[in-house]
Amino acid sequence: SEDALRKTEKLVATGRLAASIAHEINNPLEAVTNLLYLIRLQDSLSVDTLRYVELAQHEVARVSEITQQTLRFYRQSTLPVTAKVSELMDSVLTLHQGRVNSLQVEVRRFYEPEVDLFCFAGEVRQLFANLIGNALDAMMPGPGQLVLSVRRSRSWRDSDIEGVRVSVMDTGCGMTDEVRGRIFEPFFTTKEATGTGLGLWVSAEIVRKHHGTVRIRSRASVDGQSNGDFRSGTVFMLFFPLVRGEEVPEESLQANSQSV
Ligand code: ADP
């Protein structure tokens, strides 16, 4: 609808603004990070001062993570390539292997062989990283199950459109309808101390840029905690239409080469 479109445009504009602010913040932030590091190296610091410096470092790192995450999407990236979707997924899984082990998460992968996608591979990897990261967060303190699937499929909206379907399913705490309605808003997070609320906002942009669609099903657990089985949990389903190299929409190439 026109309303939804206006809302999307507003969010994109907000995103651009956020990205340029993030860019401006980044340099002074680097300076503060370096200065705090130098202060910490002094051996004349009292225990209290050291603690304050450490807290400041911790908070600065948080700001830095927010600006980096905002910039990553808008930063100039490489040209699209043909990538194996399961390989993108597995490279992300390797990154998260430490947490998978410590949370005692059982991973099951259902990959149809040889599923290729012409895409901005770095961004799709980032998208998968956001979804898997969120799934692991939702399954804390573990154990749990993570089910990943990649297969060729037709669009659920238009059966004439061929593409790739990817799903990431977890047995985590799930989401209430209220949370579910807000997850794509920038800075919306339920992770007070650790969240930035930018992961899914950026993810939605990446999906949009690939002309993809997202569907979500989630069931919240009664007590808001993860219970390790499928009584609660979330599944993110993505669909990417196939495009050949010469068909990459001009618009997405331009959006991609815009630097901040
Ligand atoms: P962040 O992870 O920093 O909070 P996101 O934009 O990635 O930011 O996610 C926003 C919110 O969406 C999360 O704080 C969480 O409440 C909810 N969410 C996202 N993925 C899941 C999931 N797999 N299970 C439960 N809740 C989720």
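Start with a contact between two helices. In H5, Glu 123, Val 124, Gln 126, Leu 127, Asn 130, Leu 131, Gly 133 and Asn 134 meet Gly 199, Leu 200, Val 202, Ser 203, Ile 206 and Val 207 of H7. Contact means C-beta atoms, placed from the backbone, within 7 Å. Helices are DSSP runs (H or I, at least four residues), as are strands (E, at least two), numbered from the N terminus. The residues of this contact divide into 7 nonpolar, 6 polar and 1 charged. Here Ala, Val, Leu, Ile, Met, Phe, Trp, Tyr, Cys and Pro count as nonpolar, Asp, Glu, Lys and Arg as charged, and the others, Gly among them, as polar.

This is a predicted model: local features need pLDDT of at least 70, side-chain atom pairs count only at pLDDT 80 or more, and totals for chains, interfaces and linings use all residues. Residues are numbered from 1 along each chain as its sequence is written.

Now the geometry. The axes of H5 (residues 121-138) and H7 (residues 199-209) come within 9 Å and cross at roughly 145 degrees. Axes are lines fitted to C-alpha atoms, for helices over the stretch in contact, with angles from 0 to 180 degrees between N-to-C directions.

Next, the ligand. It is surrounded by 23 residues, the closest being Asn 134, Ala 138, Thr 189, Gly 195 and Gly 199. A residue counts as near if its C-beta atom, placed from the backbone, lies within 6 Å. H5 and H7 each supply at least two residues of this shell. The largest share, 4 residues, comes from H5.

Return to Val 124. Leaving aside residues up to four places away in sequence, Val 124 touches Leu 88, Cys 119 and Ile 206.
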